[in-house]
Amino acid sequence: MTERPAAGTARAVWDALDRVKDPEILRPITELGMVRDVTVDAAGGAEVSILLTIAGCPAARRIEADVRAATEAAPGVTAAEVIVGVMSTRERQAFIERVRGDRGARPQQFGPDSLTRVIAVTSGKGGVGKSSLTTGLAVALAQHGLAVGLVDADVFGFSIPGLLGLSRDGRTEQPTRVGEMILPPVAHGVKVISIGMFLGDADPRSTAVSWRGPMLHRTIEQFLRDVWFGDLDVLLLDLPPGTGDIAISIGQLLPQAEVLVVTTPQEAAADVAVRSALVARQTGQKVIGVIENMAGFTQPDGSVLDLFGAGGGRLVAERLSDPEHGTVPLLGSVPLSPVFREGGDAGAPTVLTDQADPAAAEVIRIAAELARSGRGLAGRSLGISPR
Ligand SMILES: Nc1ncnc2c1ncn2[C@@H]1O[C@H](COP(=O)(O)OP(=O)(O)OP(=O)(O)O)[C@@H](O)[C@H]1O
């Protein structure tokens, strides 16, 4: 890397490049050592050499385009050429240390001392909309300016990449690997990692992941250790439905995690939802609230159709409230909404595309309440990272 000159057009280009962020790390490429050299000839022709972590890294095209646009916009530049190179092993090691803040051997990123608020989303039954709500909450929290990470730990039904538009035609966006560090793709401001990103060329639509408990535990452990999330305000985890191995692993790996329980208004769903929350509680996690999903749907004539009955959310909240654990609130009731479902199917979260949709509006309201309340966000310095 060359030094940044004190003045002149080359200096202006360096300054412009300070505003180009690596799309996965969300930090300026100048700070990450990704700019090798900037030269500008007498006619204002600029040549910028950048270094990528690995050849053909998924973000390469975007970085190149952003560098070109920033260079062309720098005062005094008449033409821009971008030369893309790849880091040497030593440069890559320096990059990894810069990204991690050179903390040496990494312990797990979200240990009990971490300022990141960890929220695990669980449900008793499958198909109650847990993944859709987790995705909506993550995107809505990112809209509040929070640094948000999302771990799709639903190994049997990983649907998060699709809901966030990271999976198309059976191909799921891959994380970038730099050494043993894994950089999660970023979608709508959320850093996302999913088991569905580790299937290689297999089509996730037709690939069954059947892993036993220890393997699941190791995978989640690896997600929490090797996936570089940076300083997060909130980490959301989408757990598989039920009371299985993953819930117990999360309890061991992230004992400070808070738990949100998703259920439908159906009374029959309430029993299993309560049971999944009790398992989380047994591992020391705090149940912070219940969200009812697929609640009454307002029809065009204004009448409400309670397709799945009513009252399940309140019932679960009441059954989880007791003198020892205090009141577990019903945080909200998200109505059935065809628009909300279509947004998920299209990978375009409705909390961004149609905020007036009743389901999206309720998710946005719940996210605002979560952002205002709770462990990590009340009265603590979180170093919220502006983007
Ligand atoms: N409020 C809603 N209105 C309409 N459709 C919804 C709503 N919430 C979720 N859905 C739809 O219900 C289906 C199941 O949702 P989702 O995959 O989020 O459930 P899940 O509980 O995560 O399931 P699993 O844990 O089995 O993977 C999806 O097609 C989703 O689009």
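Trainee: Is Gly127 buried or exposed?
Mentor: Gly127 counts as exposed, because it has 12 C-beta neighbours inside 10 Å. By the definition used here, a residue is buried if 20 or more other C-beta atoms lie within 10 Å of its own, exposed if 12 or fewer, and partly exposed in between, with C-beta atoms placed from the backbone. Keep in mind that this is a predicted model, in which local features need pLDDT of at least 70 and side-chain atom pairs count only at pLDDT 80 or more, while totals for chains, interfaces and linings use all residues. Residues are numbered from 1 along each chain as its sequence is written.

Trainee: And where does Gly127 lie?
Mentor: Gly127 lies in the loop between β4 and α4, and Gly124 is found in that loop too, with β4 spanning 117–123 and α4 spanning 130–143. Helices (H or I, at least four residues) and strands (E, at least two) are DSSP runs numbered from the N terminus.

Trainee: What about Gly124, buried or exposed?
Mentor: Gly124 counts as buried, because it has 24 C-beta neighbours inside 10 Å.

Trainee: Which residues does Gly124 touch?
Mentor: Leaving out residues up to four places away in sequence, Gly124 touches Pro241, Gly242, Thr263, Ala269, Val272, Ala273, Arg275 and Ser276. Two residues are in contact here if their C-beta atoms, placed from the backbone, lie within 7 Å.

Trainee: Which residues does UniProt list for "binding site"?
Mentor: The unreviewed UniProt entry lists Gly124, Lys125, Gly126, Gly127, Val128, Gly129, Lys130 and Ser131 under that heading. UniProt positions are given in the numbering used here, feature names are shortened, and annotations may be inferred rather than shown by experiment.

Trainee: Switching to the sheet, in what order do the 8 strands run?
Mentor: The 8 strands form an open sheet in the order β10-β11-β5-β12-β4-β13-β14-β17, and the pairing is mixed. The edge strands are β10 (186–187) and β17, each of which pairs on one side only. Two strands pair if DSSP finds at least two bridges between them.

Trainee: In what sense do β5 and β12 pair?
Mentor: Strand β5 (residues 148–152) and strand β12 (residues 234–238) pair in the parallel sense over 5 bridges, and the bridge partner of Asp152 is Asp238 in β12.

Trainee: How enclosed is β13, then: how many of its residues are buried?
Mentor: 6 of the 6 residues of β13 are buried, so the strand is largely enclosed by the rest of the structure. Both of its faces are covered, with Glu258, Leu260 and Val262 buried on one side and Val259, Val261 and Thr263 buried on the other.

Trainee: What does β13 pair with, and over how many bridges?
Mentor: β4 and β13 pair in the parallel sense over 5 bridges, with Val121 standing opposite Leu260 in β13. β13 and β14 also pair in the parallel sense, over 6 bridges, and there Val262 stands opposite Ile291 in β14. The chain crosses from β13 through α8 to β14, and this β-α-β crossover is right-handed, meaning that, with the strands pointing away from the viewer, the path from the first strand over the helix to the second runs clockwise.

Trainee: Which residues of α9 are buried?
Mentor: In helix α9 (residues 312–320), Gly312, Gly313, Leu315, Val316, Ala317 and Leu320 are buried, and what covers them includes β13 (258–263), α8 (267–282), β14 (286–295) and β17 (330–335).

Trainee: What does Leu330 touch?
Mentor: Leu330, which lies in strand β17, touches Val290, Glu292, Gly313, Arg314 and Ala317, not counting residues up to four places away in sequence. With 20 C-beta neighbours inside 10 Å, Leu330 counts as buried.

Trainee: Zooming out, how is the protein divided?
Mentor: The protein is divided into domain 1 (8–100) and domain 2 (117–372), with bounds that come from an automatic or database domain assignment. Their centres, taken over C-alpha atoms, are separated by 36 Å, and the contact takes 14 residues from domain 1 and 12 residues from domain 2.

Trainee: How many residues are in the largest nonpolar core?
Mentor: The largest nonpolar core has 113 residues, and those with the most contacts inside it are Val13, Leu141, Val148 and Val363. Domain 1 and domain 2 both give residues to this core, so it lies between them. Such a core is a set of buried Ala, Val, Leu, Ile, Met, Phe, Trp, Tyr and Cys residues joined through C-beta atoms within 7 Å.
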